[in-house]
Structures are given as C-alpha cells and as structure tokens.
Amino acid sequence: MNHFIRFPSSLLALLAFVLVSGCAKKEAAVARDIGPEAEAYFKAHADFFRFATPTDLPNGLVWHDGSDVPEFSAPEAKRGGTAFSWILDFPRTLRFAGPDANGSFRTFILDDNALILIQKQPNTGQYYPALAKAWAYGSDGKTMYFKLDPDARYSDGVPVKADDYFFAFFFFRSRYITDPWSNNYYTEYFTNLTKYDDYTISATWREPRPDLEDRLGSLYPVPEHFYKELGDDYVQRYQWKLEPTTGPYTVKPEDLHKGSFVDLTRVPDWWAGDKPFYRHRYNFDRIHLQVIRDVDKAFEAFKRGDLDMFGLSLPKYWYDKLPDNDPLVQKGYIHKTVFYNQIPVSTYGFYLNTAMPLLDNHDVREGIAYASNFDLVDHQYFRGDFVRMQTGSDGYAEVPFPGIHPRPYSIDKALEHFAKAGFTQRGSDGILVDEKGQRLSFTVTTGDPSMRDVLTILRQEAAKAGLELNIEILDETTADKKINEKHHQIAFTGFGTSVPIERYPRYWDFYDSSNANKPQTNNLTNTADPATDKLIAVYDKAQSMDEIRRLAQQLEQRVYDNAAFIPAFKMPFYRSGFWRWIKWPKDFNVRFSDGAGQYGLEWIDEAAKKETLDARNNGQAFPPEIKVYDQWKPKGE
Amino acid sequence: MFRIDPITRRKLQRFRSLKRGYGSFLVLCGLLLMSAFAELLVSSRALIVKYRGHYYFPTYAAFHPGTDFGEDYSYETNYRKLKVRFAAEARGDWVLLPPVPYDPYENSFEEGVYPPTPPSLAQRHFLGTDTTGRDVLARLFYGFRTAMIFSLLFLVLVYVVGIAIGCAMGYFGGAFDLIMQRAIEIWSNIPFLYIVIIVASIVTPNFLLLLGIVVLFSWTDMTYYMRTAAYREKARDYVAAARVLGAGSGRIIFHHIMPNILSLTVTFMPFTVSGAITLLTALDFLGFGLPPPTPSWGELLEQGTANLNAPWIVSSAFFALVIVLSLVTFIGEAIREAFDPKKFSIYQ
C-alpha cells in the first residue's frame with residue numbers, strides 16, 4: 001500500500017541521468033534515442049545488470065519446460081467471429097505505466113493479454129511456458145534462469161530478446177514514467193538481472209521465497225524500439241499509443257473511437273497461437289468493447305442480444321432481473337451458469353481498532369464478534385449466495401485453515417463477554433451501560449455506500465445484545481483517509497487480492513507491530529503483539545510451503561484469538577449469463593479464474609448465432625440451460 | 001402581541017372560503033397531528049399489554065426486556081410474537097398492537113422469503129417491505145415526520161434570520177445596506193449543493209448539522225423582499241411618528257415595521273416548506289442527507305429506483321411526496337389569493 005520513490009542510489013547514475021537527459025533535450029527537435037541513456041544506466045548499475053556469457057551459467061541447472069502440465073483449453077474451440085462486450089468507461093490512457101494506467105481497461109491490454117515469462121496453470125497451479133520456453137532454479141533459492149522462446153514476437157513482428165528485460169528495468173525505474181509504485185517495486189525487490197545470451201537471462205529476488213515463479217516469472221519485456229522517444233513528455237506522448245504486445249490482442253489506431261468504443265483485434269499469425277497452452281484459446285478475431293456508462297443499461301443491451309455475455313453474480317440480476325423463468329432463459333436463448341472458483345477472497349469484515357478505548361478490552365472485542373450477525377446478512381439479505389468468511393485468509397488452495405471458524409451470532413455469549421468487561425446493565429433504550437454510565441456504543445466507518453443495508457441489519461441485531469453500532473458512511477476517499485490514519489473505531493472494509501494470485505496469505509502488512517499505530521499501513525486493527533511479530537518474522541523467511549502452512553496455522557489462530565478482525569462474507573463462485581452461441585469447454589472454466597472471460601477459453605458458434613436470432617424472431621425455443629459447476633467447491637463449505 | 005387587524009381578519013376569512021386550499025390545510029394539519037403521535041399508530045411496541053393481572057403501556061416507557069413478559073431473552077420484547085403466544089396460552093393475557101405493528105428500523109426477515117416483499121394485509125405490511133425487510137409504511141410515516149419537522153424548523157430559522165437582516169438593511173439603508181447587499185450576493189453565489197456534498201463526505205451530518213448548513217445558505221432570499229418592504233414602510237408617517245416619540249431602531253423595526261410587512265412573508269411560507277421537503281428528499285436521495293438508518297423519503301426513493309422490480313417502494317414514496325407537496329402548494333395558492341393586495345389594499 002505504501003510506496004515511495006527511491007532514486008537510484010549511486011550518485012554517478014544521477015549524474016549520468018542529468019547529463020544524458022540534458023543533452024537529449026537539445027536534440028529533442030531531432031529524433032530522440034533513449035538507447036545511450038539506457039546503456040549508461042546499465043553501466044552505472046553494473047552490480048545489478050550483469051552481462052555474462054553462456055559459459056557463466058551454473059552447472060547442473062535442471063531445466064523445466066512444462067511438458068508434464070496438462071492443457072486446459074477445449075480442442076473443439078473454433079477460431080473466428082466478433083465478440084460484443086462492454087466497458088463502463090472509456091479508458092483514460094493506453095499506457096501501462098504512469099498516471100491513470102491502473103484503470104480497469106488495463107486487464108484487456110495487459111493483465112489478461114500480454115505474456116509473461118512463465119504462467120501458472122489455472123487448475124493445477126503448475127507452471128507452463130509463456131515467453132520463456134524453459135526455466136531453472138538457482139541453488140540460492142532466490143534466482144531463476146529463463147530461456148526465451150526464439151519464436152516470441154511483438155505484435156509489430158520484432159522478436160523478444162533478453163535486452164527487452166534489461167530495458168524493462170530501466171523503464172520501470174525511470175522517473176519519466178511518473179509511476180512511484182513501479183519505481184519502488186523494480187528497485188526494492190530485485191537484486192540482479194543477468195543476460196547470458198540474446199535468449200537466456202536470470203533474475204534474482206532479494207530473498208529466497210517458495211513462490212519465486214510468481215515473482216520472477218511474471219516479468220514483462222518492454223520493447224526498447226517502441227520507447228525510443230522516452231522522455232519527460234512520456235505521459236502525453238504515449239497516452240494513446242499502445243505498446244506492441246506479445247499477447248493475442250492489440251488495438252489498431254483506427255479502432256479507438258474515443259468516448260464510444262474500442263475494438264481489440266487478434267494479432268495476425270500470433271506467434272503463440274498454435275503452441276501448447278495457447279492453442280484453442282483467445283478464439284475471437286475481434287472483441288468489440290462498447291462504452292455503456294450504466295450497468296443496468298448494459299444489462300438491457302445484453303437482454304436484447306447486443307452483448308454476448310454478462311456477469312450475473314449480484315443477486316439482483318440473477319434472481320430478479322433475469323430469473324430462471326424469464327422467457328429468454330426458458331426458451332434457451334440465454335444460458336445461466338454458476339461456477340465455483342477458488343481464489344483468495346477479498347477480506348471483508350469488521351476491523352476493530354484495538355488502540356481505541358474499550359476496544360482495547362479483549363472481552364469487548366469478543367462480545368462484538370458474537371453480536372455481529374453476519375450469518376443473518378449472508379442468509380437473508382444475500383439470499384445465501386454469500387457465505388460466511390471463515391478466516392481473514394480464505395481461498396488459498398495450498399494454505400487451508402480447516403480448524404478455524406468465526407464466532408457465530410450468539411446474544412448470550414456476547415452478553416457474557418460484555419458482562420466480563422463490566423457492562424452488566426441495560427439502559428432505558430436497551431443498550432448496555434457500565435458502572436460509570438458509559439454506553440457500549442461504537443461507530444462503524446465505511447466508504448462503500450452499497451453496504452448501507454448490510455450495516456443497518458447488523459445494527460439492529462447488535463442492539464439485541466445491548467451493543468450500539470452507529471453507521472458512518474463516508475465518501476470513499478474520506479473513509480480511506482480516516483481508516484488509514486487509524487481514526488476509526490470499527491472499520492468495515494476489505495482488501496482485494498492481487499494478480500498474479502498469491503499462494504499464501506500476508507501477515508506482516510496486517511498484524512505486525514511495526515505497522516501498528518502508524519498512518520497509511522494495512523494494520524487496521526493496530527495489532528501489536530511481540531509473540532505475533534516473532535512468528536511473522538519467521539514466516540516471512542520461510543522457504544518451503546510446508547513451513548509456511550505450519551506457521552500460517554499458528555498466525556491465523558492468533559488472529560482469531562485476538563478477536564480484532566471479524567470476518568464478514570465471501571462469494572465462493574461467480575455467475576454469468578451468455579447467449580447460446582457462446583460456447584465453453586466442458587468444465588466451463590478454470591479453478592483460479594475470477595470471471596468467465598479471464599482465460600479466453602470461450603468461442604463463438606456463428607451458425608448457432610444465426611439460428612438463435614432467427615428463432616427469437618419466430619418464437620422457436622431451445623432447451624433451457626442453467627448449470628452449476630461445483631467441481632472446485634471446497635468440501636464442507 | 002399582534003392584534004389581528006380587520007384587514008387580516010378578512011384575509012383569513014377569504015382563505016377559509018377557498019375550499020381547496022383550506023381543505024388541504026386541514027388535511028395537512030391532521031397529518032401533522034397524526035405524526036406527532038406516530039408511536040401510537042406505527043410502532044413495534046404494543047399500546048397495552050395485560051400480563052398476569054398487570055397492565056403495561058410500553059409505547060412511551062423505557063424498553064421492556066423480553067424477560068418482563070416471561071420470554072427467555074433480555075432484549076426488547078417482540079410484541080407481535082408475544083401476542084401470538086398469549087393467544088395460544090389463553091390465560092387471559094393480551095396485547096393490543098398499533099394498527100401498523102412495525103417500527104421503521106426493524107428488519108423483519110422470514111425464512112425463505114427475501115425482501116423486498118410486496119404489500120400484504122396478513123403480515124400487516126400494508127405497503128410492503130424495503131430491501132432489508134423494513135416496513136415501507138412505517139418508514140414513510142416517520143419519514144414524513146422527519147421531513148415536516150425539518151421543513152418547519154427550516155422555515156422558522158430562515159425567516160428569523162432573513163427577516164431580521166432584511167428589515168435592518170431596508171431600515172438603516174446607506175452603507176450598511178450597500179455592504180450587506182454585496183455580502184449577500186457573494187454568499188449566495190457559493191454553490192450550496194457542493195458545500196453540502198463536501199461536508200457530508202467529511203462528516204456524517206446529523207439532523208441539526210444538516211439543518212444548520214441548509215439554513216446557512218438559504219436565508220438570503222428572504223432579505224431581498226424584506227429589504228424592499230422595509231424601505232417602503234419606513235417612509236410612512238407612522239414610522240416617523242414613532243421616531244418622533246423617541247422609539248429606538250429595534251423597537252421601530254420589530255414593533256412597528258415588521259407587523260406591517262409580515263403578511264408578505266405569509267404568502268411565501270408554504271413554498272418555503274415545500275422547497276425544504278424537496279431539498280431534504282433530494283439530499284437523502286443522493287446519499288448526502290441524514291445518516292442511515294434514519295427513515296427518509298429520499299432514501300426510499302433511491303431504494304425504489306434501484307429496485308424497480310419492487311414497485312411498491314418507489315410508488316409509495318412517489319405518491320407520498322406528490323400528495324404532501326400538492327397539499328402544501330394548494331395551501332400556498334390559497335394564501336396567495338387570500339392575501340392578494342389587489343383585493344384589499346386601500347387606495348387613498
């Protein structure tokens with residue numbers, strides 16, 4: 001959450017920066033070339049950027065090529081056709097870095113599109129080749145070696161080479177891109193990058209980690225030839241220029257209709273199109289992304305057949321606006337699907353600020369946990385679609401917590417704990433008071449107006465246990481500020497998970513005392529416990545998944561015992577609706593997906609499209625299809 | 001303090017003779033009276049409980065834990081369930097519930113039924129429930145009370161400030177008038193809605209804070225009318241006479257000028273009230289109004305428009321708003337007609 005700009009440590013580099021950029025400015029009228037500046041930068045950081053020869057490769061490297069990993073696409077998939085989809089807002093930029101680059105459109109052109117070195121098989125968690133056709137692990141536990149695929153090409157036909165990774169580090173560390181997060185990430189977390197030849201590199205993380213593949217294998221190449229004119233005007237100059245991609249889809253300049261729509265086009269003869277793991281995927285020739293600025297309008301467009309697919313996860317759409325008995329569903333034009341996925345869930349819940357009076361009392365916290373009726377909210381308000389989140393670290397396939405469950409709603413237990421804290425009498429309004437006449441009353445702060453209903457239910461239920469919860473719904477930014485500065489009593493918020501999916505939960509951010517009682521950290525509970533700190537220190541240095549699993553159990557148990565985080569709810573699946581001409585693999589989707597279209601597994605059946613549209617005109621019906629895919633649903637939940 | 005002069009009396013008679021306006025006035029007064037005793041009509045608390053020979057009147061009393069009536073819980077008694085239990089036991093205990101036995105805050109969930117639920121006579125949800133299972137009629141009724149208290153307080157405050165400053169400007173004139181006019185022009189150019197939005201996003205406004213902000217930006221309109229009226233009045237002989245008799249500025253403004261121009265303000269009042277109701281509803285609709293779970297019409301409208309498949313929410317709020325605003329407007333029209341100076345001015 002906290003990033004700061006760290007400039008390159010060496011003064012020499014700064015000098016080189018100034019000199020080179022100074023010279024370049026004079027030549028700005030002529031064609032600019034960032035090349036020499038990058039070269040100078042590599043030389044100035046010779047300890048980081050190492051140029052070696054193939055003979056320098058360590059002996060005994062075991063190369064993996066993913067040949068034992070199963071493919072997950074459907075061989076029967078047909079390539080071709082145009083998919084019609086929508087976006088809520090026109091992208092504010094096509095850049096991948098700098099201001100506004102982190103918008104939702106980035107998913108289409110970068111996150112779900114561009115290839116990284118190696119990718120995670122989204123069912124098994126193994127790795128398969130992407131831009132690297134083979135990879136090996138160093139003996140130090142923090143270095144990985146990659147052999148780049150010589151076939152790899154950018155969408156403009158230029159081959160991907162080792163130099164592009166060197167340039168990537170120069171690019172992401174450069175001040176031109178005005179991106180402090182990238183500046184920090186590429187400076188702080190990596191300690192070495194070595195080129196052995198044009199197609200062999202190694203990268204080193206700052207410490208040994210068991211999930212090195214996710215960290216080192218997810219590096220992107222940055223094409224130097226595209227950024228020749230990189231300079232102080234990067235933000236404007238590259239605002240609407242799309243970097244050539246290694247992935248399947250690109251945006252042609254003529255397909256960018258500002259404010260109206262964007263078309264993604266499949267790269268002609270995409271280099272990976274026939275390779276294992278990429279064949280039978282990304283099947284549409286074109287994806288039309290229409291700007292529709294209102295979700296409900298987009299939904300109507302979907303029902304009319306203008307859009308092929310629509311996410312129906314919200315109960316409102318699934319039950320009320322497109323119920324199973326809707327003619328479109330009953331006549332089989334639109335198919336509905338529930339897919340149980342398995343990814344780390346957003347940690348929605350009550351974060352009790354243990355630095356606040358009363359909330360520093362363990363019994364008060366435990367009482368609040370028993371008085372929070374999330375079960376009723378999940379069951380009655382979310383219609384049982386949402387289930388109770390069990391811990392603050394749910395959804396890590398490799399790190400389950402089978403023994404930890406949240407405290408259930410129990411008025412008796414809540415009263416018992418409140419009584420231990422001295423709250424024994426009910427006032428005239430039914431709220432508990434202690435001997436000093438202090439009321440058991442707290443303010444719940446949130447920045448999410450859609451949680452209004454949830455909070456009003458919780459407030460009513462808590463009152464039964466003599467606890468008053470005042471609801472404070474603030475503007476998102478103000479709420480974030482209040483919560484980040486730890487001025488809240490109880491924060492109702494959640495942390496999303498990042499891409500690529502992490503393999504195990506983080507504790508340092510949320511529970512280490514070095515983040516307690518400080519503004520702008522994720523330790524919202526202000527937990528400061530020396531024993532927990534010690535465990536976290538060991539956990540963060542753990543080098544095997546077994547050790548991580550063992551320590552995580554202890555840490556999660558401590559989090560539970562501390563009762564400062566009250567888990568709320570999670571949605572263990574996603575739901576989609578799609579017209580019957582969109583076809584899917586027989587298992588529908590993959591375990592680690594967060595939405596139906598994420599891995600490009602679907603395809604369009606043009607004949608079925610014509611047939612369906614004709615049928616709609618003359619009232620002909622097909623068998624309805626409402627399917628539940630629960631092969632990845634955890635047992636017992 | 002003020003004696004009703006013959007002209008005012010004739011104006012009031014005229015108002016009474018305007019059937020539509022006077023009728024609306026009576027209906028609105030009736031509604032206000034009802035809402036003053038809302039707890040007796042719409043509440044989850046019973047009116048009377050007879051339990052083991054004792055009579056209880058929970059409506060305005062401190063809460064009764066369930067244990068008071070032999071239930072096994074220590075929170076507020078659920079009188080609807082109590083009634084069912086007493087009926088089943090048939091020991092002569094009974095519960096008298098209000099006509100609408102729900103309060104505007106409680107979520108009544110039933111197994112397998114997901115809110116919002118449509119109107120139901122059997123459940124006594126006469127206008128159905130909202131998205132969290134709260135009774136729409138209860139929310140509407142208490143929302144009406146909130147809106148009326150808000151708009152009447154708004155009316156009083158805006159008029160007190162506006163009239164006092166406006167009269168002072170007109171009476172003193174000169175530099176004071178000039179400076180105040182410019183100040184008011186600047187002040188009224190501050191975009192009021194943005195201020196409310198900014199304040200509401202920083203702190204959750206409560207009733208008084210919201211009222212305060214709204215009044216702070218609304219008193220200026222009244223000053224223009226009062227200033228002109230005071231200018232006109234102060235040139236009259238009776239003001240000069242009062243001054244000759246040695247009356248001070250305060251006395252002249254409040255005792256002599258004001259009673260004579262007050263009739264002007266009467267014609268504005270209904271429109272100020274309807275304006276305030278609309279404003280509060282709009283702010284609540286946008287989410288910048290009173291904090292949840294305060295019952296309010298704006299919040300109901302917002303819920304209703306987001307859930308058009310539950311038409312009873314939006315239509316209840318819509319019709320309630322239309323009816324009350326129409327009543328107020330009818331009253332306003334009637335007052336305006338009754339107080340029309342063309343009918344009663346005496347030209348000398």
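At what angle do the axes of helix α4 (residues 162-173) of chain A and helix α5 (residues 180-188) of chain A cross, and within what distance do they come? In this predicted model, the two axes cross at roughly 130 degrees and come within 7 Å. Two packed helices are described by the angle between their axes and the distance between the axes. On the side of α4(A), the contact is made by A:Phe169, A:Phe172 and A:Arg173; α5(A) contributes A:Ser182, A:Asn183, A:Tyr186 and A:Thr187. By class, three residues of this contact are nonpolar, three are polar and one is charged.

Helix α2 (residues 19-36) of chain B packs against helix α5 (residues 136-172) of chain B at an angle of about 110 degrees, and their axes are 10 Å apart. This angle makes α2(B) roughly perpendicular to α5(B). From α2(B), the residues B:Leu31, B:Leu32 and B:Ser35 take part. They meet B:Phe141, B:Phe144, B:Arg145 and B:Met148 in α5(B). The contact of α2(B) with α5(B) consists of five nonpolar residues, one polar residue and one charged residue.

Strand pairing was examined next. Strands of a sheet pair through backbone hydrogen bonds, either parallel or antiparallel. Strand β8 (residues 200-205) of chain A pairs with strand β6 (residues 143-148) of chain A in the antiparallel sense, over five bridges. In this pairing, A:Ile201 in β8(A) stands opposite A:Phe146. Strand β7 (residues 190-197) of chain A is also joined to β8(A), by six bridges, and the two run antiparallel. A:Leu193 has A:Ala203 in β8(A) as its bridge partner.

Elsewhere in chain A, four strands form an open sheet with mixed pairing, in the order β13-β24-β14-β27. β13 (309-311) and β27 (626-629) of chain A stand at the edges with a single partner strand each, so one side of each has no neighbour in the sheet. Direction ignored, neighbouring strands of this sheet are turned by 20 degrees against each other on average. Strand β14 (residues 334-340) of chain A runs parallel to β27(A), and four bridges join the two. A:Val338 stands opposite A:Val628 in β27(A).

The domain assignment of chain A gives domain 1 (11-47 + 77-266), domain 2 (309-341 + 573-629) and domain 3 (349-502 + 566-570). The centres of domain 1 and domain 2 of chain A, taken over C-alpha atoms, are separated by 35 Å. Eight residues of domain 1 of chain A are in contact with eleven residues of domain 2 of chain A. On the side of domain 1 that touches domain 2, three residues are nonpolar, three are polar and two are charged.

Between the chains, 26 residues of chain A are in contact with 22 residues of chain B. On the side of chain A that touches chain B, at least two residues each are supplied by α9 (315-321), α12 (374-381), α13 (411-420), α14 (452-464) and β20 (468-473) of chain A. The largest share, seven residues, comes from α14(A). By class, this side of chain A has nine nonpolar, six polar and eleven charged residues.

Methods
Residues are numbered from 1 along each chain as its sequence is written. Chains are lettered from A and ligands numbered from 1 in the order in which they are written. This is a predicted model: local features need pLDDT of at least 70, side-chain atom pairs count only at pLDDT 80 or more; totals for chains, interfaces and linings use all residues. Axes are lines fitted to C-alpha atoms, for helices over the stretch in contact, and angles run from 0 to 180 degrees between N-to-C directions. Angles under 35 degrees count as roughly parallel, over 145 as roughly antiparallel, 65 to 115 as roughly perpendicular and the rest as oblique. Two residues are in contact if their C-beta atoms, placed from the backbone, lie within 7 Å. Ala, Val, Leu, Ile, Met, Phe, Trp, Tyr, Cys and Pro count as nonpolar, Asp, Glu, Lys and Arg as charged, and the others, Gly among them, as polar. Two strands pair if DSSP finds at least two bridges between them. Domain bounds come from an automatic or database domain assignment.
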